Amino acid sequence: MQRFLQRLDVHSVSDAAVKKLDAPLKDTGSELPRALLAYQIAFLHVIEKFGTSARAPLVIDSPNQQDQDPKHIVKMLEFIRDERPPQTQMILGLVDTAGISFGGTEIMLDRKHSLLREEDFAHVGPEVQGFIDRSLESPT
C-alpha cells in the first residue's frame, strides 16, 4: 500500500494506517479518492495472494472524484490499468479516458438513462431470463 500511495502522490496517510488494514483514512480533498484507490487495490492484491474464493469483477465507477487535476487523474487511470491484480476482470465507468488505453472492449453509452437498447432485447432477454429463473430456483 505504501508503494501505491507514493505512486498516486498521497502524502497524508500515516504509517499506522498503512500497517493496520482497518485503520480509517482521514484524508480530505483530492487526496482522499487517491488514498482510497490505493487501499482498495492493495486489498485486492491481498485477496489475490491469500484468498481461495472466486473473484468478482473489479468495478470502478467515475474514479475522477473531487475533481482531480489532469496530472493526478492520469496517475489514477494508469494506476488502475497497471496495478489491478492480474487476471482480474475490470468494469470501469469513465467520462474521459484522458488518453489512457485500457485494452479490452469499450462500450460507449450514448443514450441517457439506458443501457440496453430496445432492438437488442429480443436477443438478450432470454439470456437474462435464464439467470433470473436460476436465481429463483430453490436449492436442492
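The buried residues of helix α4 pack against α1 (2-7), α3 (31-50), β1 (58-61) and β2 (90-93). Contact here means heavy atoms within 4.5 Å. Buried means under 20% relative accessible area, exposed over 50%, and partly exposed in between (1.4 Å probe, protein chains only). The model is predicted: local features need pLDDT of at least 70, side-chain atom pairs count only at pLDDT 80 or more, and totals for chains, interfaces and linings use all residues. Residues are numbered from 1 along each chain as its sequence is written, and side-chain values use heavy atoms, with hydrogens and water left out.

Helix α4 covers residues 70-83. Helices (H or I, at least four residues) and strands (E, at least two) are DSSP runs, numbered from the N terminus. The 14 residues of α4 reach 20 Å from first C-alpha to last, close to the 20 Å expected at 1.5 Å a residue. The expected span is 1.5 Å times one less than the number of residues. The buried residues of α4 are His 72, Ile 73, Met 76, Leu 77, Phe 79, Ile 80 and Glu 83. Seen down the axis of α4, these residues fall within an arc of 160 degrees, so they line one face of the helix. The arc is taken from the directions from the helix axis to the C-beta atoms. An α-helix has 3.6 residues a turn, so residues three or four places apart point the same way.

The N-terminal end of α4 is capped by Asp 69. A side-chain oxygen of Asp 69 lies 3.0 Å from the backbone nitrogen of Lys 71.

A salt bridge is a side-chain nitrogen of Lys or Arg within 4 Å of a carboxyl oxygen of Asp or Glu. The structure holds seven of them. In one, Arg 7 pairs with Glu 83, with the closest N and O atoms 2.7 Å apart. This pair links distant parts of the chain: Arg 7 lies in helix α1 and Glu 83 in helix α4, 76 residues apart. Arg 7 is partly exposed at 28% relative accessibility, whereas Glu 83 is buried at 13%. Both belong to a network of salt bridges that also links Arg 3, Arg 81 and Asp 82.

Lys 71 forms a salt bridge with Asp 9, the closest N and O atoms being 3.7 Å apart. Asp 9 sits in the loop between α1 and α2 (15-19), 62 residues from Lys 71 in helix α4. Asp 9 is buried at 18%; Lys 71 is partly exposed at 47%.

How values were computed: Polar contact = N/O pair within 3.5 Å; in protein donor to acceptor, adjacent residues only side chain to side chain.
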